[in-house]
Structure formats: structure tokens, C-alpha cells
Amino acid sequence: MSWAESTDEHFCLTLGTECSKMLRCPLRAGSVFPVKSQSQTSAYPVQLRRTMSSAAMVVEGPIITEQESEVRRERSSYPGLPAVLVVDDDREMCELAEAGLTQRGYAVTWKMSPREALELLDHEDFAVLLVDIHMDGMGGLDLCRAALAKRPDLVAVVMTGFGTMDHAIGAMRAGAYDFITKPVSMDALALTIDRAACYRAMSDELRRLRRRVDTHELPNVIGSSGPMRRVADVVGRVAGTTTNVLITGESGTGKELVARALHERSGRRGPFLAINCAAVPENLLESELFGHARGAFTDARSARTGLLAEADQGTLFLDEIGELPLGMQPKILRALQERKVRPLGSTQEVSFDVRIVAATNRDLEQEVSEKRFREDLFYRINVVRIDVPPLRVRGNDVLVLAQYFLERAATRSNKNVNRLGRLVADRLVNYDWPGNVRELENCMERAVALASFDEITLEDLPVKLREYRATEVEATGDDPKDLPPMHVVEERYIRKVLAAVSGNKTLAAKVLGFDRRTLYRKLERQA
Ligand SMILES: Nc1ncnc2c1ncn2[C@@H]1O[C@H](COP(=O)(O)OP(=O)(O)OP(=O)(O)O)[C@@H](O)[C@H]1O
Ligand SMILES: [Mg+2]
């Protein structure tokens, strides 16, 4: 908090971020209050005054004492002010509330008609709604309910008749935060509105913090490295939408886990259903997805609902979409476009509301250019793309994941193994993990099963890891026994380049001097 500016007539008080946080009041960081010299006596925001002495304890700079100063403000010039909507069919009350609350630092709008107030809420947000319980047309409690249905964050205060407990209870039942009895004194009103505005500011802050935490953590997805935080960030941003999402990444990186986290975050009411397009034979795929009527084909003894209809209001995960037979692609495209399916052998179409999340470890653009995947379907599913990074670019996430898998395996097998040896940790961080998280998961399960102590040692790791040497060592080694054959060096070098370009195969091919097809072939051979 500091005196930002002073003129002959008044000083300007600016709230700093720390101060505004600590005040936990509706006055935001950066708010500027022109106040007349300290000898003047008048009101400045009650909340600010009340909290000023505690603010002064931790914030450097000039302090406002208990003297009062006048806030001179123009509503339009303070866009961050807490906004209050007053609704009362008594014009005098509206004007009084406006005068008193404006003087105390609020941006006040008033309406005498509940309907007009509701219309206003369609396009304007307010921190606090102050509403009279008795009004012509729509009563205050009904207005309160309707307003909260439109704007659940609104904090409502109801003005009730004196001594009418029923009204107060009714107000609370209608979702009001507080009530105030008429006739209303300006000080009591200001106090009530201060409390309501504070409550709103705190709920906003809580929501903001929760969103921040939420965007950086995905359910069941372990890892907080930069590349994984970026994944979580995109998931957080698209989860609440109905946009189709394509998840790409090498085998075992956690694509399905991310798809499930996306569904959990989405808040969609329906189920998460998954189908592996590579595992279901082409002749069954259609009936799996679209369903079939009884007798539609020889084995169809009873009707069956397809996954698209079953996943209604939920998410359908099309795993290994790159393997989808060409013949099925136009059928799926049509279903996704029209949001309707016709089960095999049926004349009726069924509508569905399903979020499609597809995954592949193939380079779908390459598949499109080689005419193995339809371009129109590719664009339909690739609205937002989430690239799950390979494990080798996630830094210390490897150790966090290893410890997690270790503890899980130890609990399951009832063994007293609880930590990684130092050499093991070094090896895990340096290894290039071609099988990604799945390989690490298997490696730790195996290590726990073999462990003879409470610590995992190099001996407990698979030969591949025990004998692994980083590429740099191979390039400088001079003992013929330690020098690996060319294809191994190439394999590791390709992985190193891929890691450096965060798995972008087009870029990797450029760096390596291969065309993408060659790179693809080599990767498939390695897998
Ligand atoms: N970040 C993570 N935290 C915890 N477990 C993970 C994580 N990522 C992957 N796993 C685990 O690794 C295994 C492989 O994950 P998943 O099946 O989601 O990978 P995928 O990318 O779909 O693999 P594929 O390409 O072979 O289908 C699963 O057992 C999963 O639970
Ligand atoms: Mg998978």
C-alpha cells in the first residue's frame, strides 16, 4: 500500500498485491483511492478502514490512521469496484442505497422492476444483489432464486420486514447469503454489503486457486515436469468443452490415462467407454460402435446398443485410431458429423451426445499423406491435439513414477521394499525408456519381486538397464568390448534427437537427415 500520488486537493492510495491479498477484501490490488487530506472527516470504504491497522503492520509505506477521508469517485473510472445491484420497487430506497453505497466505494445499479433486473443479469455480472422481499409482480425471494439460477456466484442479501423471522428463514432457503431488516440504517446496510462483497471476493479467489491447482494436476497422472504440466494445462482448458481431442504419443506414455483424466475433468455425466480399433476385427467393429438389431446378422440373437449410443453424455475413447480400417472411416465420419447412428439392420436412427477422444502412436499426418487415413476424418478428430511426451524428456518425473510403482508393487506383494538405490536412480534417469511409463512400471514390479533388501539395487534391474550406457559414453569409449554395433548407436541417437525435439517426428527427421518415412520405419523396427 502506498501513497501513489498527491495533489493539492487529495492523496491517492494504491493497494499493492500483498496488501490486497492480506486484506481479503473486495478492494483489488492496484485499486486507487483518491482521499482528501487526513484532516478531512468523511467516509472512505468501510472495509478498507477496518482492515487498515492490520495492513499497516506488514506493509511498508505511509499509513492511513483512523481519521476518515472522503472517497471521491466516478463509477466509470473504477472498473474493478465491487458492483451491487439493488432491486426495490421503492424509488426512495433505491436512491438512498445508491448514495450510501457509492460513497463507500461500490458501483451501484438499481432497478425498480424485478424483470428488468433479471434481464440485466443476462449480460452483466454483479458481486452482490440487494433485494426487497416485497415487490409488485415478482416477490424478492422468487427474484433471488431466479437470479441465483442465472448467476450462481451472485451473493444475495434480502431486505425483510422487521421482526419477521419467517421471512429471514425464507430468504436463506431461497439461497440468500444474508438478510437485513427494514427500516435499514445506512451503517448496517454498508456492513452487510461489505460482508457479502468480501464473501464474493473470497469465493472468487478460491475458485481461481482451485482452477490453478486443477490445471496442473490430473487425476491419477503422476508427474510435474514442464512437459507434463503443459499436458495438464491443455487438458484443464479443454475438459469442460465438447471439442474432439486427439491424443498422440509413443507407446506406453499414458495416452489412455490422460484420456480418462480428461473425462473425469469434463464433468460429463455419462460413462467413459473405450474401444481399441486395432483389436476388434473389421466385421465386428461396426456393430460394436453402432449397435445392431435382433437378427441383423447370423449371430445377432438379440439387439445390442452400440458404444456411441451407450456413451451418451459421456466420452468414447477410440484407441489406436490410426488402425481404423479404411472401409469404416466414412461411416464413423458420418456418425460424428450427424451425431446420429443407425444400428445394423435397423431402420431407426439413434442420436447421441458423445465427446470423442482418439489416440494414436502413429503419425496420422503421414498416414493421411499416404492415403491410409481419410483427411476429412483426421480433421474431425484432430480439433485439439494433446501430445503426451516420451518419458525420457520428463526429467525427475522418472524417479517420482519409479517410487510410486515401487511402493504400489511392494504393497501388493506384501514385501518390505521401500526405496531406490543411488546407482539405480542414476540409471533410471539416464536410460532412454523406449517403452516409456509402461516399461518403467514393469521394471519396478520386477525389481520389487526380485529385491532381497529393502532397497532396489542394480542387480534387480533387467539386463537391458543394467548394461545400458548413455550414447556419449559409447562415442568416447576405446575398449572394443564396450563399443556397441552401429545399429545400436543409431537407435540411441535417434531417440536422443527425438527427445531433444520433444518427440516431433517431422523435426527429428530433418535433424537426422532422413525422410519421415525412413524414420518411421526405423522406429517401428525398434519398437
Ligand atoms: N503419468 C503416469 N502416472 C502413473 N501411471 C502412468 C502414467 N503414465 C502411464 N502410466 C501407466 O503406464 C501404463 C501405460 O499407460 P497407457 O496405457 O495410458 O499408455 P498408452 O500411451 O495408452 O499406451 P499404448 O500406446 O501402448 O496404448 C498404464 O499402466 C498406466 O497406468
Ligand atoms: Mg493405449
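Author: L130 stands opposite V157 in β7, and L130 is likewise the residue that V86 faces in β6. This is a predicted model, in which local features need pLDDT of at least 70 and side-chain atom pairs count only at pLDDT 80 or more, while totals for chains, interfaces and linings use all residues. Residues are numbered from 1 along each chain as its sequence is written, and chains are lettered from A and ligands numbered from 1 in the order in which they are written.

Strand β6 covers residues 128–132, where strands (E, at least two residues) and helices (H or I, at least four) are DSSP runs numbered from the N terminus. Strand β4 (residues 83–87) runs parallel to β6 and is joined to it by four bridges, while β7 (residues 155–160) pairs with β6 over five bridges, also in the parallel sense; two strands pair if DSSP finds at least two bridges between them.

As for burial, five of the five residues of β6 are buried, a term that asks for 20 or more other C-beta atoms within 10 Å of the residue's own, with C-beta atoms placed from the backbone. In a regular strand the side chains alternate between the two faces of the sheet. In β6, V128, L130 and D132 lie on one side and L129 and V131 on the other, and both faces are covered.

Key:
Buried ≥ 20, exposed ≤ 12 C-beta atoms within 10 Å, placed from the backbone.
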